[in-house]
Amino acid sequence: MTTDDTLQTAWQALHQHAEDMRTTHLRALFAADPQRFAAFSLHSGDLLMDFSKQRMTAETLRLLRRIAEASDFARGRRRMAAGEAINHTENRAVSHMTLRAPTHAAPDAATGRETAESLERLRAFCAALHAPAGEAHITDVVHLGIGGSDLGPRMVVQALAACRHPDLRLHFVANVDGADLAPLLARLNPRSTLFIVVSKTFTTQETLTNARTTREWLEAGLPEKNPRAGADVVARHFVAVTSNLAAATAFGIPATRVFLFRDGVGGRFSLWSPVGLSIALAIGFSGFTALLSGAHQMDQHFLTAPTEKNLPLTLALIDLWNVNGLGAKSHGIFPYSQSLELFPAYLQQLEMESLGKSVDRQGAPLTRSSSPILWGAVGASGQHAVFQLLHQGGQLVPSDFILLKHADFPLRDHHLCLLANGLAQSAALAFGETLEEARARQVSAALLPWRSFPGNQPSTTLLLERLDAHVLGQLLALYEHKVFCLGVLWNLNAFDQWGVELGKQMAQRLLPCLESEGATSAATTLDASTRGLIAALKTERPA
C-alpha cells in the first residue's frame with residue numbers, strides 16, 4: 001500500500017467513526033468512564049489541557065493519530081526544525097523558533113550569533129530608555145504597525161499589564177483611519193514621545209501613512225532652529241523594525257536605530273523578533289527574555305514529546321476532529337482573564353491567515369474543510385452575550401476556555417467568582433439540562449420548552465498556573481505549533497498569505513482613483529460597483 005493509500009484509508013476510517021459518534025452525547029461518555037478526566041488531559045510546563053469535554057473516545061484519538069502518522073507529521077516537524085524551506089510558495093524557511101532558542105541550542109553558529117547580537121541591541125536600547133532621563137525623558141512610546149506587526153505585541157503588552165514598567169506608557173496604532181491616531185497625538189507631548197515603525201518590507205501602506213503623519217506632527221511640534229531640523233527630529237524620535245534597511249534609512253531613521261529581522265519570520269510569528277521591542281520596553285528586557293524562554297520550553301516539548309503526550313499535536317487533532325469529523329464551522333476562544341482580552345483577535349490572525357486555504361501544497365483544490373472561523377470574547381462578559389447562541393442556538397461550536405489558577409490582579413473574592421463562572425459554562429455547554437431536570441428544579445410546565453438545554457457542545461479547558469511572561473510564552477507557542485500541525489494534517493502551506501497580498505495590491509491601484517479629481521485609466525478597469533462607489537465618494541451632496 002502506498003503512502004497516499006495509507007492516508008486515504010486512515011481518513012476513511014475516521015469518517016466512518018464520525019458517523020458512529022455523531023449522536024453520542026457527552027453525558028454518555030462521562031457516564032461510561034467516571035475517570036475520563038485522567039485519560040483526556042495532558043500537562044506540560046505550567047499548562048494543563050483538559051479535553052475530556054470533547055466528543056471523542058480513545059478510538060477517536062487512535063484514528064486521529066493514525067492520520068498524523070500517515071501524513072508524515074514527524075518528517076514535517078523535522079524539516080521545520082532543520083530550517084528547510086517549508087514555505088514553498090515563497091521559498092522560505094520558517095525560523096521563528098530560532099528567535100527564542102538559547103545560543104547553545106541554535107541550529108548553527110551563525111544563527112546563534114545573529115540572535116545573540118539582536119537581543120543585545122534590544123537589551124541596550126531598553127536599558128537606555130529605562131534609565132533616569134533615558135532618551136531625553138521619553139515617557140510615551142507609540143508602536144506603529146498593522147496585522148502581524150501589531151496584534152502580537154499589542155496583545156502581549158496588554159496581557160502582561162501586571163508586569164509593566166511604571167514610568168513608560170505604551171500605545172499602539174494600526175488603523176490608517178485618522179480616528180485611531182489623531183486622538184492619541186492630541187494627548188502626547190512631542191518632546192517625550194518615541195515612535196517605533198514596524199513593517200517587514202517598510203512599504204506597508206497603512207503603517208507608512210501613519211509614520212509620515214507622525215513625522216509631520218513632530219516637525220510641527222518641535223520647531224528646532226537647526227536647518228536640518230526634520231532629519232534631527234526623525235533621528236531622535238523614531239526607530240524602525242524591518243527587514244528593509246534601505247527604505248527605513250530613506251525615511252530618515254539612522255541605521256543605528258533600525259532593528260532588522262530575517263525574511264523567514266512571518267508577521268504573525270514575529271513578536272519573538274525585534275518586532276517585540278515594544279514588549280521589551282513595556283515589561284523590561286528580562287521580561288522579554290522570560291517570554292522567549294517560555295516559548296522555547298514549549299518548542300522543546302513539541303519537538304520531543306511522544307504523540308500521545310504532545311500538547312500542540314493533540315490540540316490540532318481535536319480541531320481536525322471537530323471540523324472534518326463532526327462538521328464544525330466555527331470555533332470559540334474564551335479567556336477568563338481580562339488581561340487576555342485581545343487573545344481571541346491574536347488567534348484569529350494566527351489561525352485564519354495561516355489555515356484559511358483551499359489549495360493544497362501541490363496546487364490542487366483541498367478535498368476537505370480546513371480552518372473554522374475563529375471568534376471569541378473575554379469571560380465572564382461574553383457569557384452575558386454570545387453564550388446564548390452556544391447554549392440554545394442549535395449550532396455546533398467547539399470552544400477553548402482559558403483559566404488562570406492564580407490571578408494577575410488579585411482582589412478578594414473576585415478570582416474565585418471568575419473561575420466558578422468559567423467552570424460552570426464549560427460544564428453547562430457540555431451537559432446541558434434535560435426536561436426532567438428542569439421539572440425537578442420546579443420550572444413551570446409552561447416554560448419548559450424554553451428552559452431545556454441540549455448541551456453536547458465540546459470544549460477544551462487550558463489551565464495556566466499564572467499569567468506571567470514565561471507562562472504566556474508557553475501558551476503562544478502552543479497555538480503556533482498547533483497551526484503548524486494542522487498545516488501538515490490538511491496538506492496546506494500555513495506560512496504564506498496570498499489573499500492578504502491581493503487586498504494590498506488592489507488598494508494600491510484604487511488609491512489614485514480616489515485622489516484624482518477626474519477619471520483615471522485605472523478606474524476604467526474597475527467593476528461597476530466600485531466605480532459607482534468612487535463616484536459617490538467624490539460627489540458632494542448639497543447641505
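Modeller: Helices (H or I, at least four residues) and strands (E, at least two) are DSSP runs, numbered from the N terminus. With that in place, Q383 is found in the loop between β9 (373-376) and α17 (387-392). The model is predicted, so local features need pLDDT of at least 70 and side-chain atom pairs count only at pLDDT 80 or more, whereas totals for chains, interfaces and linings use all residues. Residues are numbered from 1 along each chain as its sequence is written, and side-chain values use heavy atoms, with hydrogens and water left out.

Colleague: Why is Q383 called buried?

Modeller: Buried means under 20% relative accessible area, exposed over 50%, and partly exposed in between, with a 1.4 Å probe and protein chains only. Q383 has a relative accessible area of 14%, and is therefore buried.

Colleague: What makes the pairing of Q383 with Y336 a polar contact?

Modeller: A polar contact is a pair of N or O atoms within 3.5 Å; within protein, one must be able to donate a hydrogen and the other to accept it, and residues adjacent in sequence count only if both atoms are side-chain atoms. The side chains of Q383 and Y336 are joined at 2.6 Å, and those of Q383 and N421 at 2.5 Å. On the contact criterion (heavy atoms within 4.5 Å), Q383 is in contact with Y336, N421 and Q425, leaving aside its neighbours within four places in sequence.

Colleague: Why does C417 count as partly exposed, and why is C126 called buried?

Modeller: C417 has a relative accessibility of 46%, and so it counts as partly exposed. For C126 the relative accessible area is 2%, and therefore C126 is buried.

Colleague: How do you know that C126 is in no disulfide?

Modeller: A disulfide is a pair of cysteine sulfur atoms within 2.5 Å, and the structure holds zero disulfides. For C126, the nearest cysteine sulfur, that of C163, is 15 Å away.

Colleague: What makes a set of residues a nonpolar core, and which members touch the most others in the largest one?

Modeller: A nonpolar core is a set of buried Ala, Val, Leu, Ile, Met, Phe, Trp, Tyr and Cys residues joined through side-chain atoms within 4.5 Å. Of the 103 residues in the largest nonpolar core, F343, L472 and Y479 touch the most other members. Helix α20 (residues 469-489) gives the most to this core, with 14 residues.

Colleague: Why does L347 count as buried?

Modeller: L347, placed in helix α16 (residues 343-355), has 0% relative accessibility, and therefore counts as buried. Not counting residues up to four places away in sequence, L347 touches I333, M352, L374 and Y479.
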